[in-house]
Amino acid sequence: MTPRVSVVIPVYNEGERVVRHLERILREVLLTAEILIVHDMPEDTTVPYAQEIARHDPRVRTVLNTYGPGPANAIRFGIDAARAPVAVVTMADGCDDPRQIDDLARLVDRGVVVAAASRYMPGGQQVGGPRFKRMASRWAGRSLWLLARVGTRDATNSFKAYDTTFVREVGIESRTGFEIGIELTAKATRLRRPVAELPTIWLDRQLGESRFDVGRFLPSYLRWYGFAFGRRLNPEQLTARWAARKPDLVPADRDAADRDKADRDSDKADRDAADRDQAGRDAADSDKADRNKADRNKEDTPA
């Protein structure tokens with residue numbers, strides 16, 4: 001049975017810490033779901049603990065990210081691997097509230113393409129975390145809400161649900177960190193697709209270290225912040241913009257794009273060959289039917 005929601009969790013050496021968070025997700029998510037644990041390397045310390053849980057609960061599945069290292073590539077891979085029409089991205093550190101996964105997925109079911117868990121709307125809260133990061137994300141969220149009308153006061157939060165058809169239509173260009181959330185929100189805004197939000201309480205992780213590197217990730221966030229402001233685009237214009245940027249992809253991405261194109265070309269060639277074979281068989285059958293009809297007519301003609 002196709003799940004209603006795919007929960008995408010990028011992980012990096014979470015080890016035993018992931019167990020408690022996974023148990024909470026499995027307990028709180030009531031919709032039919034698959035839980036995708038996306039890891040960059042087979043030896044990731046999260047994997048054996050996730051696989052042990054998967055042995056007892058078939059909703060859990062570990063998947064090896066082949067798009068390249070880093071959280072952006074892991075999230076891209078997870079969404080591409082999702083079997084459900086809705087993908088919810090949540091972190092492995094327990095900062096997000098898994099009770100809201102069902103509600104976010106239901107918002108997408110109702111027609112929005114991005115459903116955000118918002119720390120900055122009434123009823124939301126952020127507890128802990130570095131002060132500069134809190135201030136920057138709050139300022140970005142508020143200004144995008146007021147000036148770009150993005151549909152959420154928390155465009156930078158990674159805890160979001162996405163319509164997977166929308167994601168595959170517009171593509172994901174992010175390759176660095178956690179900026180996919182603001183990228184897809186900005187694209188939805190420029191396409192005038194609906195974005196909605198629910199209040200959430202975000203708790204800073206208690207164990208382990210965050211992988212969020214402000215200096216490394218900030219330029220990507222600023223790029224998509226700026227992109228949210230602008231005239232309306234249609235899907236063709238957005239696709240053309242993405243195609244124009246393809247030379248900027250890293251070599252691994254260009255190779256993957258080339259392989260995808262080769263696969264599509266091969267599939268098209270196979271379909272064309274099958275169509276030609278079928279057309280040939282149809283023509284042969286038609287000729288045979290015509291000959292049989294002619295023979296019957298001759299037999300029925302009086303001598």
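This note concerns the aromatic rings of a predicted model and their surroundings.

1. Basis. The model is predicted: local features need pLDDT of at least 70, side-chain atom pairs count only at pLDDT 80 or more, and totals for chains, interfaces and linings use all residues. Residues are numbered from 1 along each chain as its sequence is written, and side-chain values use heavy atoms, with hydrogens and water left out.

2. Tyr67 and Phe77. The whole structure holds 4 aromatic pairs (rings of Phe, Tyr and Trp, the last by its six-membered ring, with centres within 6.5 Å; planes under 30 degrees apart are stacked, over 60 edge-to-face, the rest tilted). In one of them, the centres of Tyr67 and Phe77 are 5.0 Å apart and the planes stand at 80°, so the pair is edge-to-face. Tyr67 lies in the loop between β3 (60-64) and α3 (71-81), and Phe77 in helix α3, so the pair ties together parts 10 residues apart in sequence (helices, H or I of at least four residues, and strands, E of at least two, are DSSP runs numbered from the N terminus).

3. Trp139 and Tyr225. These rings have centres 5.4 Å apart and planes at 20°, so they are stacked. Trp139 is exposed, at 54% relative accessible area, whereas Tyr225 is buried, at 15% (buried is under 20%, exposed over 50%, partly exposed in between; 1.4 Å probe, protein chains only). Ring pairs link Trp139, Tyr225 and Phe229 into a cluster.

4. Charges over rings. Arg153 lies over the face of Trp145, 4.0 Å from the ring centre (NZ of Lys or CZ of Arg must be within 6 Å of the centre and within 35 degrees of the ring normal). Arg190 lies over the face of Phe227, at 4.7 Å.
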